[in-house]
Protein chains: 2
Amino acid sequence: MGNKTTVTPGRLIAAPENFITAEQVKAARPARRGFMRGALAAAGGLAAGGALAQSPQTAPFVESPPAIPPWTRRLGPGVATLGYGVPSKFESNVQRRISPGLTPTRETSVSFTPLQNLFGIITPSGLHFERHHSGMPEVDPEQHRLMIHGLVKRPLLLTMDDLMRFPSVSRIHFIECGANSGMEWGNVAVPTVQYTHGMLACSEFTGVLLSTLLEEVGYDKKNGRFILAEGADGSALTRTIPIEFALDDVMVVYGQNGEMLRPENGYPLRLVVPGVQGVSNVKWLRRLEVGDKPWNAREETLHYVDLMPDGIFRQYSGVQEVKSVITSPSGGQKLLDKGFYEITGLAWSGRGKIRRVDVSTDGGRSWRTARLQEPVLTKALTRFRIDWNWDGSPAFLQSRAVDETGHVQPTFAQLRAVRGRNSIYHNNAIFTWQVQPNGEVWNVQLG
Amino acid sequence: MGNKTTVTPGRLIAAPENFITAEQVKAARPARRGFMRGALAAAGGLAAGGALAQSPQTAPFVESPPAIPPWTRRLGPGVATLGYGVPSKFESNVQRRISPGLTPTRETSVSFTPLQNLFGIITPSGLHFERHHSGMPEVDPEQHRLMIHGLVKRPLLLTMDDLMRFPSVSRIHFIECGANSGMEWGNVAVPTVQYTHGMLACSEFTGVLLSTLLEEVGYDKKNGRFILAEGADGSALTRTIPIEFALDDVMVVYGQNGEMLRPENGYPLRLVVPGVQGVSNVKWLRRLEVGDKPWNAREETLHYVDLMPDGIFRQYSGVQEVKSVITSPSGGQKLLDKGFYEITGLAWSGRGKIRRVDVSTDGGRSWRTARLQEPVLTKALTRFRIDWNWDGSPAFLQSRAVDETGHVQPTFAQLRAVRGRNSIYHNNAIFTWQVQPNGEVWNVQLG
């Protein structure tokens, strides 16, 4: 709005509480246009030895000022050209992607989040991984209803407007598909972190605590031991949630990263069961039933069970155990030269906060502790970072996370000793990227 | 990936460490289809008196089960139908909007964030407010350079690849235009919170601390007291940043909410000066110069100065003081009936964390302390919430924030006693929404 200012006569002053002091302003000089070229010419004579040891080795020294680029020479499009913005056309390669052949159809498939392209802990909603069981329904929020019934005194049928009048909370949590990193069980060296770990995302969710709704309907505190959650998609996906989880931090969610849920993430309503595998975070939520026993529904008997070495299945293994992965450098990337790199990645635990992440560049023989992005949040992604100087020799990059309960991310050998080789779900093993002498990064399994 | 499971013979068990116990599973019963109608029929007889005092009064009791909606009867589109997702078509009204007539052209204008539609503290990048001075340049990241020069030992010209190899940080911060709520100075009762406070957003930013880059170039620690930041847009917008800020928490940013910056927010590089008015957060950043005096550039002399009652201008008043606003209920909304509402809004301070937010429903005669969304972050938006039962009489809703330095949001009368009536920028006064007896919410100025 600065362009509307009418500058009436006055002196330029700066009040003492301002962020530049009056004294500093009094000493102000004219703008320094014209000084630039001289400074840059002088700069050419400075030796490379001045660079800090930890700086990127590729940082070039200034020899001539850059040309004025075309976008500085012209007027660009105005505001609100897009009422709802989209990424730059130069980022069009940053996409959710499918793994061809993974499933017979896209309606019962997965798309993976491009973790290699992402920063921080928030996953852009447009890149949140997808997992559908009967495709993505297009739900009209005016017609959508949430039914809460079963062992309750006052069953309810709520419109979205009703639900959004309840006291709300916002919390940042990860959602990870139970099958994330599942191909690794079979020694399939999936080439990129998008496909090895990309059924993972983290969002700021807003909604109503399930405990608030259970109090509202007067659930049976003696016999009400489980909740069935049902989706409004064509699969009517159903999952059992123990009452201890329901009363703790489970949320009935309508908001994601500040706005309404995206269609592929359950618009207008989903369950978020913090720390528990994705399938329990029922999307397009339309029904919650309070019962006294687990339901043994299709998606908790036929699928989402772990085949153990003795030939029996482990069921309801919902909690996502402590896990981490390095997202840069990662598979498919290439280090173009030796020198400084920041190794960065993500750690998470379905049991609480991440306490520590150690990083190895020699395949687990030695470890250093990484920096954790603050604040570290419970059942949320935690970004870790650590400095590394690559000397050009082969390197084996690994990360190992520890959560606040003391759980330590296992090696693949340790995990397989318990779980065998026939699982699909719940692979939280330490993961290895090998840096080749030519700089290429490969997925290799160690241990 | 569950559909790929081959279920080989086995018994269903649950290991003790799982989230449902084996004992619970042993007692499992068949799925309860068919029970639903009975439960719902019984529910019809329950009296409304059972509802909790704090519950939304509109929550209806179940009288008949909802019909199966069309989207449950058919297969939806598969995954990765969109490689990059977009909001539901039912949310197409949630848009950035311009205020017609505010500026002669859109290239030097503002679009406002729809705060009334948002949840939590993260602003979706597609709804981040815009303020351009010469439109939005379309910058090719391969060609973009950042020059760092002036009072430095080793001037640098960095590519984006160079810059992204430096050690990085991610932090959540708000950005507010200095002119946000500016129309209120002139007693213009702007009708909605989108237009009164919508030059405000909060993102998780990722980039390199400016202090890291200043160390790298070996800035003159004796005489280097100010930084000039220049944008690559057609206006070559320039702003002066004091070295104390530069060495504290200023970031050279390429990431926003997990992905690369959006074009309208400075792609591929911007400055983020936490707590300081938007204009200092220079977008499309191409040049940083270290100097010994402030520059008095166009956008810090002709604009972004505060005309004081004595006819002189206050300059470099960059810090955004403690402020808050109720986003729901807010102007243009209508309360459809009496009863429970959650009052919610946002609070922020350029000086640090929000310590407390008090809410009044009687125009400031009485106050109650609101709940703050955790974690409360420094120089970030803080969501507050408080319960309210509307009795149908006129109400005056206000919020008053206090920050960790003890600064208290002033009344309009207090602010005007110091600042007069001729300002455009830096209006952080307590704001009032009036709820009419018919439920309509209006912007009214009190005190």
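Tutor: A residue is called buried if 20 or more other C-beta atoms lie within 10 Å of its own, exposed if 12 or fewer, and partly exposed in between, with C-beta atoms placed from the backbone. The model is predicted, so local features need pLDDT of at least 70 and side-chain atom pairs count only at pLDDT 80 or more, while totals for chains, interfaces and linings use all residues. Residues are numbered from 1 along each chain as its sequence is written, and chains are lettered from A and ligands numbered from 1 in the order in which they are written.

Asn422(B) belongs to the loop between helix H7 (412–419) and strand S23 (432–435) of chain B; helices (H or I, at least four residues) and strands (E, at least two) are DSSP runs, numbered from the N terminus. Asn296(B) is also partly exposed, with 18 other C-beta atoms within 10 Å, and sits in the loop between strand S13 (285–291) and strand S14 (306–307) of chain B.

To their contact, domain 1 of chain A gives 22 residues and domain 2 of chain A gives 22 residues, two residues being in contact if their C-beta atoms, placed from the backbone, lie within 7 Å. On the side of domain 1 of chain A that touches domain 2 of chain A, the elements giving two or more residues are strand S6 (169–176) and strand S14 (306–307) of chain A. The largest share of that side, three residues, comes from S6(A). By class, that side of domain 1 of chain A has 14 nonpolar, six polar and two charged residues.

In chain B, an open sheet of four strands runs in the order S16-S17-S21-S20, with antiparallel pairing; two strands pair if DSSP finds at least two bridges between them. Strand S16 (323–328) and strand S20 (371–372) of chain B stand at the edges, each with a single partner strand, so one side of each has no neighbour in the sheet. S20(B) pairs with strand S21 (residues 382–390) of chain B in the antiparallel sense over two bridges, and Leu372(B) stands opposite Phe384(B) in S21(B).

Key
Ala, Val, Leu, Ile, Met, Phe, Trp, Tyr, Cys and Pro count as nonpolar, Asp, Glu, Lys and Arg as charged, and the others, Gly among them, as polar.
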